[in-house]
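Here is a short briefing on one protein model. Keep the sequence and the 3D view open as you read.

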Amino acid sequence: MTMEEIAVSVTNLRKTFGNKEILKGLTFKVPKNIIFGIIGPNGAGKTTTLRVLAGIIRHYQGEVKILGLPPTKAREKGYISYMPEDAFPYDRLTGLENLEFYAKIYAKNKDEFEEFLEKGIKIADLGDRIYDKTQEYSRGMKRRLMIARTLMVMPKVAILDEPTSALDVESSVKIRKLIREMKGETTIILSSHNMLEVEYLCDEIVLLNHGEIIASGTPKEIVNKLGVKNLEEAFLVATGGKI
Ligand SMILES: Nc1ncnc2c1ncn2[C@@H]1O[C@H](COP(=O)(O)OP(=O)(O)OP(=O)(O)O)[C@@H](O)[C@H]1O
């Protein structure tokens with residue numbers, strides 16, 4: 001891969017909290033415009049990694065480049081849009097007002113603001129409920145709004161921490177479709193505990209365990225390498241669980 005083809009490059013990333021080493025030297029590259037998954041058991045370091053990439057965790061060792069820039073710089077330039085796992089809309093605002101609020105932060109001019117908003121409304125797909133205060137929304141509706149907010153600004157890198165966690169089947173399917181439809185337009189980095197989802201969405205993945213990468217490649221490559229039937233089995237074998 002040439003430099004131009006790489007969206008994110010991580011070299012020997014280490015992060016400690018107190019005296020606990022949470023990330024123990026991660027190295028990986030994410031090509032532009034793919035969907036890249038970070039998977040691993042609870043506490044493996046997925047959210048910590050995503051927070052470093054999003055420019056939220058500023059102190060770490062190693063080198064992280066987003067389109068050639070340190071994450072904080074890339075964030076300042078509006079290259080990154082990040083949806084934390086516990087992202088919630090402002091509940092006193094309507095869905096539309098929430099989108100307007102976020103669009104204003106990213107838009108360089110009025111035309112771009114309108115463009116982002118139009119895209120956000122389309123992605124959120126909430127019909128007339130977009131005019132209701134979000135405190136009246138279901139969990140799935142809130143999530144869709146947050147995904148719309150994250151993706152509508154056409155970031156160069158969208159970071160989604162567990163986009164479908166705690167959603168019912170129908171809401172998850174809708175969100176997966178949304179993400180899939182953005183494929184090729186932007187680089188998407190997501191974490192998930194749902195291996196079917198990861199197999200469906202992700203072009204490439206890294207599997208983290210105790211802050212280390214224990215497998216990487218396409219889902220198919222990992223499955224084949226471990227001689228198992230699917231990614232869920234690969235996950236269990238690689239992390240030492242039982243099938
Ligand atoms: N601010 C913090 N201070 C201290 N320890 C932290 C902090 N943030 C995370 N940790 C610890 O770092 C480890 C990795 O956490 P992280 O949230 O990155 O894992 P994860 O893979 O996203 O887990 P999950 O699947 O449960 O969301 C955990 O042991 C967690 O307790």
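The largest nonpolar core holds 64 residues. Within this core, Leu-53, Ile-159 and Ile-189 touch the most other members. Helix H5, residues 139–152, gives the most to the core, with seven residues. Note that this is a predicted model.

- Strand E1 covers residues 6–17, and strand E2 covers residues 20–31.
- E1 and E2 pair in the antiparallel sense, over nine bridges.
- Phe-17 has Lys-20 in E2 as its bridge partner.
- Two residues lie between the strands of this hairpin.
- Gly-18 takes a positive phi there, near 65 degrees.
- In a regular strand, side chains alternate between the two faces of the sheet.

**The H3–H4 packing**
- Helix H3 spans residues 95–106, and helix H4 spans residues 110–124.
- H3 and H4 pack at an angle of about 140 degrees, with their axes 9 Å apart.
- Angles over 145 degrees count as roughly antiparallel, so H3 and H4 are oblique to each other.
- H3 passes H4 in a right-handed crossing.
- On the H3 side, the contact is made by Gly-95, Leu-99, Glu-100, Ala-103, Lys-104 and Tyr-106.
- On the H4 side, the contact is made by Phe-113, Phe-116, Leu-117, Gly-120, Ile-121 and Ala-124.

How values were computed:
Residues are numbered from 1 along each chain as its sequence is written. This is a predicted model: local features need pLDDT of at least 70, side-chain atom pairs count only at pLDDT 80 or more; totals for chains, interfaces and linings use all residues. A nonpolar core is a set of buried Ala, Val, Leu, Ile, Met, Phe, Trp, Tyr and Cys residues joined through C-beta atoms within 7 Å. A residue is buried if 20 or more other C-beta atoms lie within 10 Å of its own, exposed if 12 or fewer, and partly exposed in between; C-beta atoms are placed from the backbone. Helices (H or I, at least four residues) and strands (E, at least two) are DSSP runs, numbered from the N terminus. Two strands pair if DSSP finds at least two bridges between them. Axes are lines fitted to C-alpha atoms, for helices over the stretch in contact, and angles run from 0 to 180 degrees between N-to-C directions. Angles under 35 degrees count as roughly parallel, over 145 as roughly antiparallel, 65 to 115 as roughly perpendicular and the rest as oblique. A crossing is left-handed if the near helix is turned anticlockwise from the far one by less than a right angle, and right-handed if clockwise. Two residues are in contact if their C-beta atoms, placed from the backbone, lie within 7 Å.
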